[in-house]
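Here are my notes on the model, point by point. Please read them with the structure open.

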Amino acid sequence: MAGKKKKSKKKKAKRPDKYDLYQRSVQEPEADVALLKRLFKSRFGKPARRLREDFGGTALLACEWAKEHRDNRAWAIDLDPEPLAWGEKHNRAALPEDARERVSLIKGNVLTTRTPPADITVAFNFSYFLFKTRAELLSYFRKARTTLARQGLLVLDAYGGADAQRRQKEIREHGDFDYVWDQDVFDPITHDVVNYIHFELPRGRSLRRAFSYHWRLWSLPEIKELLGEAGFKDVAVYWEGTDPKNDEGNGIFTRRNHAPDDPAWIAYVVGTR
Ligand SMILES: C[S@@+](CC[C@H](N)C(=O)[O-])C[C@H]1O[C@@H](n2cnc3c(N)ncnc32)[C@H](O)[C@@H]1O
């Protein structure tokens, strides 16, 4: 973590909290929950109740899921105790007591951690891109399939487009801070990418490389094929619609087999067990 420690007898500047900044700039758990509910209900005609959040980090989505309905149950799995401890303190502890008891934050490897059968398993914010070979990604998809109930969905997000294959920075303003998405490396031969998240704060302060990602930029056809090889029956891509007013994404994702060229897209991929 790149926060500056400033020793001052007068007034200690509040240390920026990278997980707080991340949640506020990257995550939208209400929208995610709405999408997951819709995807499951439209396939199986009943509500999803059990969510497994692979690569859960601070478990924000798992906590939102538990809050959503008194019958909802969630498990968030992450290797790193630091985001889990943060999520325990700031996300799980902030839930009403009954919801709190329906979320488990588990320190473990997604490849080996067992949980009760889930209606939905998610791997969001491209976390599975850390598996860099077909064999590794296939092995994760096979494992993820075993985490599901007989009627179950694996839901992934993915990003791409010509802009994803370039070194570039994107800055988004978030009121009291700027979020910087820094695509530092793209290797056209391996599709290895190195991305960073920086936060620019008031009074010239910044959190450089608050988060670092060493990924393979997987394409949608590769992901679809590997999900099929892992045994998923139906594999669907949900593509974002366009707001005609500004030509930007409108946040509405629908199932599509084809899409027009788009320099910077985010999509969801859904595998039905
Ligand atoms: C990009 S963050 C995702 C955080 C959150 N799920 C989100 O949507 O923003 C990736 C997380 O995956 C965790 N991670 C990496 N490899 C893992 C593994 N094999 N098993 C469990 N967690 C892993 C990292 O510790 C990190 O917290």
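Which residues have the most contacts inside the largest nonpolar core?

1. Core. They are Ala62, Ile120, Val155 and Leu156, in a core of 56 residues. A nonpolar core here is a set of buried Ala, Val, Leu, Ile, Met, Phe, Trp, Tyr and Cys residues joined through C-beta atoms within 7 Å. Buried means that 20 or more other C-beta atoms lie within 10 Å of the residue's own; exposed means 12 or fewer, and partly exposed is in between, with C-beta atoms placed from the backbone. A second, separate core has nine residues, including Trp86 and Phe177. In soluble globular proteins, nonpolar side chains tend to be buried together.

2. Basis. This is a predicted model: local features need pLDDT of at least 70, side-chain atom pairs count only at pLDDT 80 or more, and totals for chains, interfaces and linings use all residues. Residues are numbered from 1 along each chain as its sequence is written.

3. Val155. Leaving out residues up to four places away in sequence, Val155 touches Leu36, Leu39, Ile120, Val122, Tyr268 and Val270. Contact means C-beta atoms, placed from the backbone, within 7 Å.

4. Overall fold. The protein has seven helices and 12 strands. These are DSSP runs numbered from the N terminus: helices are H or I with at least four residues, strands E with at least two. The radius of gyration is 19 Å, close to the 19 Å that the globule rule gives for 273 residues, so the protein is as compact as a globular protein of that length. That radius is taken over C-alpha atoms, and the rule is 2.2 Å times the number of residues to the power 0.38. Buried residues make up 35% of the 273 residues.

5. Helix 7. Ile223, Leu226 and Leu227 are buried in helix 7 (residues 220–229). Seen down the helix axis, the buried residues fall within an arc of 100°, so they line one face. The arc is that of the directions from the axis to the C-beta atoms. They pack against helix 6 (134–146), strand 5 (148–160), strand 10 (234–243) and strand 12 (265–272). Gly231 follows helix 7, with a positive phi near 110°.

6. Ligand. The ligand is surrounded by 17 residues; Phe55, Gly57, Asp80, Phe124 and Asn125 are the closest. A residue is near if its C-beta atom, placed from the backbone, lies within 6 Å. The shell divides into nine nonpolar, six polar and two charged residues. Ala, Val, Leu, Ile, Met, Phe, Trp, Tyr, Cys and Pro count as nonpolar; Asp, Glu, Lys and Arg as charged; the others, Gly among them, as polar.

Key. Two residues are in contact if their C-beta atoms, placed from the backbone, lie within 7 Å.
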